[in-house]
Amino acid sequence: MAQERLRLLLAGLAACVSLAAFPAGTDPKAPPTPQTPWYRLSPQDRQVLAPLAPDWDKLPGYQQKRLQSAARQYPKMQPIQQERFQKRIVDWAAMTPEQRKAARETFKGMQKLPPSKQDELRERWLEQKGAAAAEPARR
Amino acid sequence: MNEKNFGEKLRPWLQRSASEVGELQATRLKSARLRALDAWREPVRLLGVVTVNAGTAQTLKYSVLQQALLWLPIVILLATLAAKTLSPEADIGELDAQLLTGELPIDAFLDQDFGEWLKSASGSF
């Protein structure tokens, strides 16, 4: 009885480990995520994703799902963040998958830094871009 | 021999000996009887199918609870992992939301200079 229970316990743990080691989303042979037409979105999603309405149905299913998931964070955002989201989402959707992947990797890399380092990098980049933008104006 | 038959057979012997029981023993027997009556509970009907005595029902309930406590953490872990692996898009979506709402514009994360600074900052950290 105790042995059987131990066997079951081990089987459960093995299932956990295999799920963690081979997540379903990483299977290249997995069927593509189905598209969700614009009219089938919830009113909230449609409101948040409104800037993408004209191109929504052309987006691949996986990207639609990611955007929907991002849009679900919208109510929790600060007003300034909501503004940024609305402004940037069109450019974001227009980027190539490789560009988005690269941006995510850099973003994740930055998140791993301590907050002081993150601030330093942010300031440095904003300063440099500010100077570069002012350069042609001076000429 | 069932419990009732056993009781019937035992009764004359007990009655014969009852007169010989001293006061102290009689009091102890009385209190034991009262304790037994206190402990007795109505039999429980399980799922409307079988009737079992209260003690058995309690044991069953305990063993179910014990099993549940053993499996609950594993079930929760499995459910969490399954939810995570079945919806990788949700995780990426959350990351995208953070990226899109941060102080730095998207351009920064595609900028080569920024990438280089990040590499050197990560190296020095």
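Started with the A/B interface: 32 residues of chain B are in contact with 41 residues of chain A. I count two residues as in contact if their C-beta atoms, placed from the backbone, lie within 7 Å.

Next I looked up which parts of chain B supply that side. Helices H3 (54–86), H4 (88–101), H5 (106–110) and H6 (112–124) of chain B each give two or more residues to it. H4(B) has the largest share, with 12 residues. Helices here are DSSP runs (H or I, at least four residues) and strands likewise (E, at least two), numbered from the N terminus.

I then sorted this side of chain B by residue class and got 23 nonpolar, five polar and four charged. Nonpolar covers Ala, Val, Leu, Ile, Met, Phe, Trp, Tyr, Cys and Pro; charged covers Asp, Glu, Lys and Arg; the others, Gly among them, are polar.

A note on what I'm reading: this is a predicted model, where local features need pLDDT of at least 70, side-chain atom pairs count only at pLDDT 80 or more, and totals for chains, interfaces and linings use all residues. Residues are numbered from 1 along each chain as its sequence is written, while chains are lettered from A and ligands numbered from 1 in the order in which they are written.

Checked confidence for chain B: its pLDDT (the predictor's confidence in each residue, from 0 to 100) averages 84, and 94% of the residues score at least 70. Strand E1 (residues 44–46) of chain B is lowest at a mean of 77, and H5(B) is highest at 91. For the model I noted ipTM 0.71 and pTM 0.55.

Last, chain A: I found six helices and zero strands.
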